[in-house]
Amino acid sequence: MTDPVEAKLAALGHTLPQAAAPVAAYVPTVEANGLLHVSGQLPFIDGKLVTGRLGENVSLEDGTAAAQACGLMILAQVKAALGSLDRVERVVKLGAFISSTADFTDQPKVANGASELMAAAFGDAGKHARSAVGVPVLPLGAAVEVDAVLAVRPA
């Protein structure tokens, strides 16, 4: 494995999944002006979509794991688009959407699953701006969805 970021992820016990195909009329990534915009990614663990709502039938721990799975899918989309994670200069921003009840207020803790993965993968370049928002429902009943903007080196 020649990609140092993938090697770091493997050392942490993570394997990139197959990049998921879009479920509607959009593309997974758009590269423009040195930025790679990654569409919202859903959480797949062991090939199964994590569904449900935080504060109802998904625990904080399972929500955090789902956000991490979204982060891995983001990285899979980045690799598919760029050919290598080594082209990433900086994770600029993550947007985390957490399907949750009105009284659930730990969205930032859930989003940390994706944020901590980016820092583990890219070091200081993985530290990013972020939003973590509670929503009543997500596509396909997913518990979490995360999108990203990354600064990338030219090919």
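These legends describe close-up views of a predicted model. Residues are numbered from 1 along each chain as its sequence is written. Local features need pLDDT of at least 70, side-chain atom pairs count only at pLDDT 80 or more, and totals for chains, interfaces and linings use all residues; side-chain values use heavy atoms, without hydrogens and water.

**View 1. The open sheet.** Five strands run in the order β1-β2-β7-β5-β6, with mixed pairing. Strands are DSSP runs of E, at least two residues; helices are runs of H or I, at least four residues; both are numbered from the N terminus. Two strands pair if DSSP finds at least two bridges between them. β1 and β6 (129-135) stand at the edges with a single partner strand each, so one side of each has no neighbour in the sheet.

**View 2. Strands β5 and β7.** β5 (residues 88-99) pairs with β7 (residues 144-152) in the antiparallel sense, over 9 bridges. V88 stands opposite V152 in β7.

**View 3. Two loop residues with positive phi.** Most residues other than glycine have a negative phi. N33 has a phi near 55 degrees. N33 lies in the loop between β1 and β2. N33 counts as exposed because its relative accessibility is 82%. Exposed means over 50% relative accessible area, buried under 20%, partly exposed in between (1.4 Å probe, protein chains only). L140 has a positive phi of about 60 degrees. L140 sits in the loop between β6 and β7, and L140 is exposed at 58% relative accessibility.

View 4. V23 is found in the loop between α1 (4-11) and β1 (29-32). With 56% relative accessibility, V23 counts as exposed.
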